[in-house]
Amino acid sequence: MIRSPVGWGAVAAPGTRSEELSAARRLLRRLVEMMAAPVSPQERLDRIVRLIAADIVAEVCSVYVQRGGDYLELFATEGLKRSAVHNTRLRVGEGLVGLIAAQGNVINLPDAQSHPAFAYRPETGEEIYHSFMGVPIVRGGRVVGVLVVQNRARRHYSDEEVDALQIVATVFAEMLASGGLIDVTRYPGDLGRIDRPERLEGLRLVEGVALGQAVLHQIRIEVTRLVADDPASEIVRLDEAISSLKASVDQLLLLPEVAEGEHREVLEAYRMFANDAGWRRRMREAIETGLSAEAAVKRVQEQTRLRMAHVADPYLQERLHDLDALAERLLVHLLGGTPHQDPGDLPDEFILVARSITPAELLDYDRSRLKGVILEEGSPTSHAAITARALDIPMLGRVKGALTRIETGDRLALDSEHGQVFVRPSEDVEMAFARSTAAHAERRRMFHALRDQPSVTRDGIRVCLHLNAAFLIDVAHLEICGAEGIGLYRTELAFMVRDHFPDVPAQTELYRRVLQHAGDRPVVFRTLDVGSDKHLPYWTFPAEENPAMGWRAMRMVLDRPMVLRAQLRALIRSHGERPLSLMFPMVAEVAEFEAGRRMLELELGRARERGQPTPASICIGVMLEVPSLYWQLPALLPRIDFLSIGSNDLIQFLFAADRGNPELVDRYDPLSPPVLAFLLDLVERCRAAGVKLSFCGEMASRPLEAMALLGLGVRHLSLAPTAAGPVKAMLRSLPCAPLAPYLRKLSTLPDHSVRARLHHYALDHGVQLLT
Ligand code: PEP
Ligand code: MG
């Protein structure tokens with residue numbers, strides 16, 4: 001019988017795949033049995049490498065474990081010198097073992113010593129071994145160790161042998177994580193876990209600082225049953241789980257909240273992958289080698305995660321993310337449980353880490369315990385960021401690798417103001433952070449002290465500061481910061497957190513409470529702006545290619561007039577005789593405004609007929625978000641009481657740049673000549689027509705941008721509650737008059753951005769730009 005020098009093919013007659021497979025299964029079973037042996041962790045590890053070496057007919061089998069996140073230590077060996085155990089260490093990237101850890105790839109060489117990365121370690125006595133095969137031990141997308149076999153003879157290990165060792169490494173990864181292989185009293189915090197402090201950078205979405213424990217939005221499902229005796233029944237389990245996964249994805253595709261664009265695209269990608277024969281085949285093959293169905297899913301998932309870490313193309317990254325998320329869902333179907341955290345069952349102070357999040361998901365978490373959010377994606381004008389801002393929760397977006405660098409339970413110090421998060425911060429950083437938190441609190445006190453100071457620029461120009469609100473708690477900020485009223489009440493957020501559409505009495509009660517909280521300060525209610533990324537869980541939306549430009553806001557409620565009429569009825573009722581201010585969002589043409597106004601008149605007439613009280617006066621406005629409306633200003637302005645600029649949407653349409661797309665966040669600057677020229681003209685037209693112009697987009701909440709708006713002549717700003725202090729500090733230190741001619745000049749430049757120039761203006765004129 002010809003015996004191959006290494007590999008499971010050596011145990012049985014070569015060439016018969018089923019025998020190879022049953023040998024592989026035997027080894028896996030024996031590995032798992034060894035876990036139960038009543039011996040010390042080191043002894044267990046020693047026995048395991050001995051077993052693998054014997055089974056694979058390798059002269060050397062060694063296991064290296066990544067420690068502290070940056071070096072690998074030889075933890076056990078069969079074949080190398082015993083004295084090297086716990087003495088031989090290689091940095092990640094150093095030697096062949098370090099290279100495997102850095103790149104997450106298999107290295108298979110007939111003559112290892114001629115490889116340029118080979119690092120000779122005399123204490124191991126490995127100079128007599130020529131052939132080398134090392135595979136990464138991967139968990140959570142990270143290499144946590146390296147498993148190596150070596151032989152004296154120069155030979156190339158076959159693909160089957162590589163696969164076999166990789167399957168062993170999969171089991172090894174789970175065994176390492178479940179404990180019992182490493183003495184945790186001697187090596188606390190190891191097992192490949194990164195315990196060294198790190199600093200990750202990102203984009204400030206909502207400013208603020210926070211300290212807390214990391215919680216991953218998506219749960220990592222643990223697999224405890226690794227091997228299985230009966231591959232056929234595991235394949236049945238896998239197939240059943242895939243069928244139920246497919247059925248659930250199909251079901252989700254029917255749901256109203258996923259009827260549109262982006263969300264739907266992801267699910268359609270899921271459906272495509274769920275039907276992918278290659279994905280299914282890889283999992284089946286892993287089962288055939290002896291893994292349980294869930295361990296096979298994990299194995300293929302870890303391979304995907306490793307690829308994800310090394311793929312630069314954003315489209316491919318995206319698809320790999322989808323495949324990763326699908327594997328997680330498949331595990332849920334195999335093992336039960338839920339894919340997301342139970343929002344009720346979390347630490348007292350935590351920071352949520354996610355790839356992306358919807359406003360509704362964010363609202364599910366207990367806001368008294370949720371101290372911050374870190375996203376791998378996200379943009380400042382996305383509705384999730386607006387929701388976080390409304391809740392005053394610091395949010396950092398576009399943090400590359402957040403989900404692989406941060407683990408549940410890690411301590412985090414989030415400083416979104418400076419676009420950074422300290423992961424597992426050292427004591428020094430914690431102390432510095434505590435100082436910066438104190439400075440932040442001090443600044444807040446300073447802003448609070450401005451509460452009763454007039455909103456007047458240094459050269460005596462009065463500015464009206466209002467707040468944007470979405471929840472009752474935002475309205476309470478009126479008292480805290482002394483703003484004059486609510487310039488934008490986003491009614492839809494209260495609809496989003498319910499499980500059914502609120503009827504007229506429920507809406508009336510809601511608006512009444514908002515008015516009560518506002519006292520005698522005015523509130524501008526914006527009618528329902530759903531669609532795009534704001535979904536109502538109980539409503540059916542059509543599938544759309546471009547939901548932000550799709551069936552949303554005013555267009556939707558004009559097609560469903562009873563929805564708008566119910567809201568207008570509730571607004572009239574809640575106000576009684578109190579003056580009513582309302583505005584329509586996403587109006588694209590005068591005809592839409594007229595249609596909305598006619599409905600308001602119908603509802604007013606109806607209330608009067610019934611002898612119900614009606615508002616003493618009505619102020620009716622329009623949000624300028626859709627550029628087409630600009631060319632109808634001559635017809636529009638005489639019809640309205642005020643115009644409110646919604647820059648979040650307006651700028652996305654001016655630049656044709658999706659406000660929610662993280663790739664475009666830095667592409668265009670609102671502080672740029674085209675935007676300034678557009679706004680300048682708008683201000684002049686409103687002034688000429690005697691129509692009040694206010695500004696409620698997020699741009700007004702940033703001091704430098706707010707400074708530019710004042711320079712352009714805007715006098716009514718509606719801000720995120722936390723921005724009131726910084727913007728007031730800015731304007732009280734601003735000599736506004738000289739800024740106007742300067743901005744006029746800037747608006748004609750060919751530049752990409754005028755931010756730096758405005759910054760210099762602020763520095764030269766002693767304007768306070770604090771956040
Ligand atoms: C805007 O578009 O600027 C705006 C205020 O509306 P929203 O952010 O709710 O779309
Ligand atoms: Mg908008």
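The crossing of α16 and α18 is right-handed, and that pair is a handy place to start in this predicted model. Helix α16 covers residues 504-518 and helix α18 covers residues 561-575. Their axes sit 8 Å apart, at an angle of about 45°, which makes α16 oblique to α18. From α16, the residues in the contact are Val504, Gln507, Thr508, Tyr511, Arg512 and Leu515. Helix α18 answers with Ala566, Gln567, Arg569, Ala570, Leu571, Arg573, Ser574 and His575. Sorted by class, the contact of α16 with α18 comes out as six nonpolar, five polar and three charged residues.

One partner is helix α26, residues 755-764. The axes of α25 and α26 come within 11 Å and cross at roughly 165°. Angles over 145 degrees count as roughly antiparallel, and so α25 and α26 are roughly antiparallel to each other. The crossing of α25 and α26 is right-handed. Here Leu739, Tyr742, Leu743 and Leu746 of α25 meet Arg757, Leu758 and Tyr761 of α26. By class, that contact has six nonpolar residues, one charged residue and no polar ones.

The other partner is helix α22, residues 673-689. The axes of α22 and α25 are 9 Å apart, and the angle is about 125°, so the two helices are oblique to each other. On the α22 side the contact uses Pro673, Leu676, Leu680 and Glu684, while α25 brings Leu743, Arg744 and Leu746. Five of the residues in the contact of α22 with α25 are nonpolar, two are charged and none is polar. Leu743 and Leu746 of α25 turn up in the contact with α26 and again in the contact with α22.

Now for the ligand. Ligand 1 has 17 residues around it, and Arg490, Arg526, Glu625, Gly646 and Asn648 come nearest.

| Residue | Protein atom | Distance to an oxygen atom of ligand 1 |
|---|---|---|
| Glu625 | N or O atom in the side chain | 2.7 Å |
| Gly646 | backbone N or O atom | 3.3 Å |
| Asn648 | polar backbone atom | 2.8 Å |

Definitions and conventions
Residues numbered from 1 in each chain as written. Chains lettered and ligands numbered in written order. Predicted model: local features only at pLDDT ≥ 70, side-chain atom pairs only at ≥ 80, totals over all residues. Heavy atoms only, no water. Axes fitted to C-alpha atoms, helices over the stretch in contact; angles between N-to-C directions. Helix = DSSP H or I, 4+ residues; strand = E, 2+ residues; numbered from the N terminus. Parallel < 35°, antiparallel > 145°, perpendicular 65-115°, else oblique. Left-handed = near helix turned anticlockwise from the far one by under 90°. Contact = heavy atoms within 4.5 Å. Nonpolar A, V, L, I, M, F, W, Y, C, P; charged D, E, K, R; others polar. Near = heavy atom within 4 Å. Polar contact = N/O pair within 3.5 Å; in protein donor to acceptor, adjacent residues only side chain to side chain.
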